[in-house]
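Q: Please take a close look at a single part of this structure and describe what surrounds it. From there, continue to the packing of the parts around it and beyond.

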Amino acid sequence: MKFPRLIIGVGNVYRGDDALGHILARYLRGKFPCCVKILDRDSDMVSVIDLLNCVERCILIDAVCSGAKPGTIFRYLAHRDNIPVKFFRYSTHALSIAEYVEIARGLGYLPEYLVIYGVEGRRFDLGAGLSPEVKMAMRRVLKSIMLDFEGK
Amino acid sequence: MKGRVLKVDYLARVEGEGAMYVKIKDNSVVDVKLKIYEPPRFFEAFLRGRKFSEAPDITARICGICPIAYQMSSVHAMENAFKIKVDGQIRALRRLIYCGEWIESHSLHIFMLHAPDFLGYEDAIKMAKDYPEIVKLGLKLKKIGNELVSLLGGREIHPINVRVGGFYKVPSKKELKSLVDKLEWARDSAIETVKWTASLEFPEFEQDYEFVALRHPDEYPFNEGNLVSNKGLNITVDQYDEHFIEEHVPYSNALHSIIKDRGPYFVGPLARYNLNFDKLSPIARELADEVKLKPICKNPFKSIIVRSIEILHAVDEALRIISEYEPPDRPSVEIEPCSGTGYGCTEAPRGILYHRYRIDSNGIILDAKIVPPTSQNQKMIESDLYHFVSKNINLDRDKLIWKCEQVIRNYDPCISCATHFLKLYIERE
């Protein structure tokens, strides 16, 4: 049996704007206590495949580094469209969230509704804190998530 | 072909900042350079002044995929400096957590990074659509490796339960038994994996390599043994610096390792297998025989089969350790720091990982030296590229680049450990 809905926040609380997914997920946990999962950047992102396979509707939040203006919000209906390659992080050993989502698509594991929010970060340094651009963007992302999650 | 420059930006499934450069002149390879321009990471420098007990957790941060190797090499080096011997169930648990790391690291490389090369896919994403069952099997195997590391290490990446002298906390028998069913599934799946990888097509390619690995009288090596090679090397770990040197080359921020007066050498699964075939578990040896992989394999493309045999061995070894496990009275042995120099070398998934520390009487690290496996393989990768391109010089541009990428991936390079590299250039004059 699949869970009806899930919010996944991804990130590293200690690395500047990478904390975005954590912070939003923690806030949303207060509103939807049973529907939020936080994936620390230090954990193996392979677990996202299993999470996607056991839920009907899912929202995934992460900071991104694509070269866009800091604070830019990307919203992808990932159940419908492929995630652009610019969000893949090339690595010998660790695949990115975007790559695991695409593998899940190949395996037929995507939920019927999957929205991915990516917010372009400005700084990812250790102990840097959130940049003003990302702080501003967070409010807009939150509003949009509430519509995605509550409105349907 | 004259005057052509072949360039590939962002070599897929390879991480970091750098480039591979191959120059061809008059249809001959004249230059191969592994250019690593990722800034150095200075781990050895910032270990200075830290307590000996911090080394396992600091060095684990060097790599997200092989943190256990860093923890193990550092604790062995410290125990060597303090003249402490860890044995019994604590030693067995160290082997067990290493089994978990080999299972998860090899599974990732075989199924996600290396297999697409052999099946003609750009990456695992595209492969997953046509080979979903293979990818699912790989992901499940990896997850079981992760679970083993999590149970013993406290978490799957950068574990926090390893200490000099043992562990902070050891598992109960019941906790370990909870993994038996999964590991039995993993053993069957590893057998399938060996058969499947052996059925792939491999280019004919061999060199007269010098393979270097640990060798232990009683077991396939994880943590202990002498350093041996197929060309007569047989030394204790504390003699490492007398036989191996690191060289700085102007085009790379990662040091190149060579054997003194001989040159490049080859570490990793293929070296371990060739130097320790007789120490593999019986089931792993039988499978090698069944798929007609001889006890000596010099084709680096076949390292995918050897990795799958090592998964089978690691799963079998994990089941053996769990079946014989009795929780020790204490999770670690007592440590009395003293001044001295300690040497440690263990078998990371990618090959030998050497640590050396000089410690003062208060247990403070005065200096540190760490030589990761990818740094040791760098020169061999260049040599393989030189010979492979020379042998296949008439292949068309795209095919040659594709094959060069495979040559590199045969080594499962961890550029995070040795720093990083990324781009591939082939220049023809």
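A: **A loop residue and its surroundings**

Leaving aside the residues within four places in sequence, A:Ala19 is in contact (heavy atoms within 4.5 Å) with A:Asn12, A:Val13 and A:Leu130. The model is predicted: local features need pLDDT of at least 70 and side-chain atom pairs pLDDT 80 or more, while totals for chains, interfaces and linings use all residues. Residues are numbered from 1 along each chain as written, chains are lettered from A and ligands numbered from 1 in written order, and side-chain values use heavy atoms, without hydrogens or water.

A:Ala19 sits in the loop that joins β1 (3-11) to α1 (20-31) of chain A; helices (H or I, at least four residues) and strands (E, at least two) are DSSP runs numbered from the N terminus. Its relative accessible area is 4%, so A:Ala19 counts as buried (under 20%; exposed is over 50%, partly exposed in between, with a 1.4 Å probe and protein chains only). Between A:Ala19 and A:Tyr109, which are 90 residues apart in sequence, the C-alpha distance is 27 Å.

**The nonpolar cores**

A nonpolar core is a set of buried Ala, Val, Leu, Ile, Met, Phe, Trp, Tyr and Cys residues joined through side-chain atoms within 4.5 Å. The largest one comprises 155 residues, and A:Ile8, A:Tyr100, A:Ile103, B:Met112, B:Tyr273 and B:Tyr357 have the most contacts inside it. Helix α4 (residues 88-119) of chain B is the greatest contributor to this core, giving 16 residues. A:Tyr100 touches residues of chain A, namely A:Asp44, A:Met45, A:Val46, A:Val48, A:Ile49 and A:Leu95, and also B:Leu108, B:Leu139 and B:Lys142 of chain B, when residues up to four places away in sequence are not counted. Another core, of 27 residues, lies apart from the largest one, and includes A:Ala25, A:Ile59, A:Val134 and A:Val141.

**Helix α4 of chain B**

B:Ser107 belongs to helix α4 of chain B. B:Ser107 counts as buried because its relative accessibility is 1%. Apart from residues up to four places away in sequence, B:Ser107 touches B:Trp102, B:Met112, B:Gly138, B:Leu141, B:Lys142 and B:Ile311. B:Arg409 lies 302 residues from B:Ser107 along the chain, and their C-alpha atoms are separated by 14 Å.

Helix α4(B) packs with helix α6 (residues 132-153) of chain B: the axes come within 8 Å and cross at roughly 155°. Axes are lines fitted to C-alpha atoms over the stretch in contact, and angles run from 0 to 180 degrees between N-to-C directions. α4(B) and α6(B) are therefore roughly antiparallel to each other (over 145 degrees; under 35 is roughly parallel, 65 to 115 roughly perpendicular, the rest oblique). The crossing of α4(B) past α6(B) is left-handed, the near helix being turned anticlockwise from the far one by less than a right angle; clockwise is right-handed. Of the residues in this contact, 16 are nonpolar, six polar and three charged (nonpolar: Ala, Val, Leu, Ile, Met, Phe, Trp, Tyr, Cys, Pro; charged: Asp, Glu, Lys, Arg; polar: the others, Gly among them).

The loop between α3 (67-81) and α4 of chain B holds B:Lys83. Phi of B:Lys83 is near 55°, a positive value in a residue other than glycine. B:Lys83 counts as exposed because its relative accessibility is 72%.

**Helix α12 of chain B and its partners**

Helix α8 (residues 180-198) and helix α12 (residues 303-323), both of chain B, pack at an angle of about 160° with axes 9 Å apart. α8(B) is thus roughly antiparallel to α12(B), and passes α12(B) in a left-handed crossing. Among the contact residues are B:Leu183, B:Arg187, B:Ile191 and B:Val194 of α8(B), with B:Ile305, B:Leu312, B:Val315 and B:Leu319 of α12(B). By class, this contact has 16 nonpolar, three polar and three charged residues.

The axes of α11(B) and α12(B) come within 8 Å and cross at roughly 155°, which means that α11(B) is roughly antiparallel to α12(B). Here the crossing is right-handed. B:Ile283, B:Ala284, B:Leu287 and B:Ala288 of α11(B) meet B:Ile309, B:Leu312, B:His313 and B:Asp316 of α12(B). These residues divide into six nonpolar, one polar and one charged.

B:Lys292 lies in the loop between α11 (282-290) and α12 of chain B. Its phi is near 65°, a positive value in a residue other than glycine. With 71% relative accessibility, B:Lys292 counts as exposed.
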